Amino acid sequence: MMSVVKNIKDNSIRSKMKIAIVGAGGRTTTFLNYFSQHPSEGEVVGISDVIPEKAELLLKYYKINAQVFKDTEKMLDTVKPDAVIICTPDFAHVEPSVLALKQKIHVLCEKPMSTTLEDCDKIIEAAKKSSAIFYLGFNLRHGPVHATVHEVITSGRLGKITTIEANEYYYGGKTYFRRWNRFQKFGGGLWITKACHDFDLLNWMAGADPASVYATASLSHYKANPQGAEQCRHCQIQHECPDFFDVFTTQPSEWEQVWKEIRMTTEKNGGEPADLCLFNAKKDTFDNGIAVVNYKNDIRATYTVNVLASRSSRQMRVIGTDGMLEADMEHGSIEVIERHSGRKHTYDLREMIAGGHGGADDRMIKDFLHTCHLGKKPKCGWSEGRLAVEVALAARESCQRGSVVKL
Ligand SMILES: NC(=O)c1ccc[n+]([C@@H]2O[C@H](COP(=O)([O-])OP(=O)(O)OC[C@H]3O[C@@H](n4cnc5c(N)ncnc54)[C@H](O)[C@@H]3O)[C@@H](O)[C@H]2O)c1
């Protein structure tokens with residue numbers, strides 16, 4: 001195995017950190033699960049959420065004993081954590097990031113850095129003034145598949161890179177349009193909330209600044225359906241709808257049941273109904289799109305995002321003057337073919353991709369803890385975070401204008 005992929009069993013983290021988490025939703029489970037399994041590395045001492053009952057539910061599920069708060073500032077003042085992990089919806093990353101950085105508390109901020117460049121700049125200003133680390137949670141860079149693709153590219157084995165094709169096939173359309181992600185005001189639209197991951201990967205793999213972006217996208221499937229209702233529970237066509245979500249039935253697994261309770265808790269506390277119709281829920285984003293990014297080093301990249309897919313995976317195809325590479329994150333496979341000899345080399349990473357996001361999540365958390373302990377430069381910080389948002393905003397603008405946007 002190539003050296004770039006760290007062994008997940010690396011136990012060299014020196015002392016336990018006090019961790020606080022902002023936001024108690026789906027992504028928070030990744031972090032609670034990690035610290036419940038690696039208690040010697042970090043102790044979750046506080047969680048804040050605008051709906052504190054959600055934090056209570058998650059803590060109970062993971063058997064973690066931490067204080068719950070509604071107010072993030074009060075949490076930071078009370079539990080005085082070494083680090084804070086920010087898992088609020090995308091538009092709400094800026095406030096807790098700035099708050100923590102001002103108090104010299106290390107920050108692991110979930111992607112995207114924010115939904116606007118103005119908010120990214122507020123975080124950058126606070127980070128520059130702080131002695132604490134601002135770490136951007138671009139987890140995919142830590143996954144064995146993408147880390148190996150990057151190493152093959154930078155080793156020069158493929159020669160001069162000419163094109164990179166990246167795809168995200170996502171099964172998440174089955175829930176996306178009943179969550180906040182469907183509104184630009186919360187997530188910036190799919191080009192930001194989803195594609196920021198992949199634009200970051202392209203920026204990283206290309207190894208140069210992007211020069212221009214062209215993008216096209218459409219809401220092809222999840223359009224309003226006059227026969228359906230606003231919520232599944234009131235819908236006359238629920239029995240024939242493949243996207244029917246039943247809030248009254250006990251879920252098949254304990255985890256799915258907890259997850260349903262979390263959604264019902266949101267609903268009971270004035271949030272959105274748990275079973276919003278995917279078709280009739282208002283939305284201002286799309287369900288499939290393609291972007292073309294030109295880089296200043298004469299690399300062209302394409303990225304396809306489609307949330308209507310039957311399986312979730314990310315794939316990448318890279319063509320250089322001396323060889324090409326094809327990778328599939330779900331299958332944990334990479335194949336490199338030399339152009340002149342036709343020789344093939346395959347990487348079988350199946351044993352390394354267990355865990356969230358193809359093995360990326362646990363590696364990222366471990367790297368964050370190391371980064372804080374060693375006070376080193378984060379693998380991804382504010383400049384990578386801002387650049388991904390810049391490309392994503394250009395893609396959104398290109399879709400609106402129907403023309404190429406120069407960066
Ligand atoms: N890196 C990844 O692969 C990955 C995967 C999923 C989500 N994410 C990111 O994680 C973040 C959270 O996403 P999610 O799917 O868990 O969302 P979610 O809606 O499930 O959870 C967000 C939680 O934040 C709470 N909240 C909202 N505003 C708040 C505030 N101002 N202060 C405190 N709490 C607040 C909500 O009540 C909710 O419980 C997003 O930025 C998302 O893009 C990253």
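Predicted model: local features only at pLDDT ≥ 70, side-chain atom pairs only at ≥ 80, totals over all residues.
**A surface patch and a parallel sheet**

Y214, I290, V292 and V404 together make a nonpolar surface patch of about 300 Å². One of these residues, V292, belongs to strand 9, which covers residues 288-295. V292 counts as partly exposed because its relative accessibility is 30%, and partly exposed covers the range between under 20% for buried and over 50% for exposed.

Now turn to the sheet. Strands of a sheet pair through backbone hydrogen bonds, in a parallel or an antiparallel way. Here, six strands build an open sheet with parallel pairing, and their order is 3-2-1-4-5-6. Strand 3 (67-69) and strand 6 (134-137) stand at the edges with a single partner strand each, so one side of each has no neighbour in the sheet. On average, neighbouring strands of this sheet are turned by 25° against each other, direction ignored.

Within that order, have a look at strand 1 (residues 17-22) and strand 4 (residues 83-86), which pair in the parallel sense over four bridges.

Helix 2, residues 52-62, lies across strand 2 (42-48) and strand 3. Relative to strand 3, helix 2 runs at about 155°.

Methods
Residues numbered from 1 in each chain as written. Heavy atoms only, no water. Patch = residues over 30% accessible without salt bridge, like charges linked within 9 Å, V, L, I, M, F, W, Y side chains within 5 Å. Areas by Shrake-Rupley, 256 points an atom, 1.4 Å probe, with all protein chains shown as cover. Salt bridge = Lys/Arg side-chain N within 4 Å of Asp/Glu carboxyl O. Helix = DSSP H or I, 4+ residues; strand = E, 2+ residues; numbered from the N terminus. Buried < 20%, exposed > 50% of the residue type's maximum accessible area, 1.4 Å probe, protein only. Pairing = 2+ DSSP bridges. Axes fitted to C-alpha atoms, helices over the stretch in contact; angles between N-to-C directions. Contact = heavy atoms within 4.5 Å.
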